[in-house]
Amino acid sequence: MADYQAKAYEQQAQAEAQSAAFEQGQERRKQDLLQAQARAQAGASGVGIAGSPTEVLAASARQGQMDLDAMLYGSRLRQNNVYTQADISRFSGKQKLTASIFDAGSALVGGLSRLQDQPKAVTFGGSSLSPRASAAIFQGYTGLY
């Protein structure tokens, strides 16, 4: 069960990575569109693409890249969290397995010790015979017939 849970966590981490990659692609397209609009506006206004318009475009591009990096960083944090949960699930499963082995061994030893403490009578068909009657039957005593 712990392995199943761990695999589910790993699939969740992979889904997070895919989702983040999709979101980054969307954000990159949005930034490219904004950059293209800014260049078109600068060109339409008759201002050359040199000097301060270039600096504005470059600053916008840097900010856009920082936004993408922040998205990637957040995604990696979430992935690490889910992978850690998977590791904890596996560890917990191993601990429970070890504990169950010790519990089974303890129950076996306890059961064997209770067998040692049973009275020395032989049981036939649900009734107990005394040790003397049991010895007589075992040794072939036929005086009962």
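**Reading burial, helices and a pocket**

Me: Which residues in α1 are buried?
Reply: In helix α1, the buried residues are Ala2, Ala6, Ala13, Glu16, Ala20, Gln24, Gly25, Glu27, Gln31, Gln35 and Ala42. Buried stands for under 20% relative accessible area, exposed for over 50%, and partly exposed for what lies in between (1.4 Å probe, protein chains only). The model is predicted: local features need pLDDT of at least 70, side-chain atom pairs count only at pLDDT 80 or more, and totals for chains, interfaces and linings use all residues. Numbering starts from 1 along each chain as its sequence is written, and side-chain values use heavy atoms, with hydrogens and water left out.

Me: What share of the protein chain is buried?
Reply: Of its 145 residues, 16% are buried.

Me: How many helices and strands are there, and in what order do the elements run?
Reply: Helices (H or I, at least four residues) and strands (E, at least two) are DSSP runs, numbered from the N terminus. The protein chain has 3 helices and 2 strands. Starting at the N terminus, the order is α-α-β-β-α.

Me: What span should α1 have?
Reply: The expected span of a helix is 1.5 Å times one less than its number of residues. With 43 residues, α1 should span 63 Å, and this agrees with its end C-alpha atoms, which are 63 Å apart.

Me: Is Glu27 buried or exposed?
Reply: Glu27, a residue of helix α1, counts as buried because its relative accessibility is 18%. To see what covers a residue, look at contacts, meaning heavy atoms within 4.5 Å. Leaving out residues up to four places away in sequence, Glu27 touches Asp67, Leu68 and Met71.

Me: Which residues does Gln24 touch?
Reply: Gln24 is also in helix α1. Residues up to four places away in sequence aside, Gln24 touches Leu68, Met71 and Leu72. Its relative accessible area is 15%, so Gln24 is buried.

Me: Where does Gln79 lie, and what does Gln79 touch?
Reply: Gln79 belongs to helix α2 and is buried, at 16% relative accessible area. Apart from residues up to four places away in sequence, the contacts of Gln79 are with Ala13, Glu16 and Ala17. Between Gln79 and Ala15 there are 64 residues of sequence separation and 9.0 Å in space, C-alpha to C-alpha.

Me: Is Ala36 buried or partly exposed?
Reply: Ala36 sits in helix α1 and is partly exposed, because its relative accessible area is 35%.

Me: What share of the contacts in the protein chain join residues at least 24 apart?
Reply: Taking contacts between residues at least 6 apart in sequence, the share that joins residues at least 24 apart is 74%.

Me: Which residues line the largest pocket nearest its centre?
Reply: A pocket is an open set of points on a 1 Å grid over the protein atoms alone, where a 1.4 Å probe fits, with protein on both sides within 12 Å along at least five of seven lines; its lining residues have an atom within 4 Å of a point. Here 13 residues line the largest pocket, and Gln31, Gln35, Ser60, Ala61 and Gly64 lie nearest its centre.

Me: Which helices supply that lining?
Reply: α1 (2–44) and α2 (52–116) each give at least two residues to the lining of the largest pocket. The largest share, 7 residues, comes from α1.
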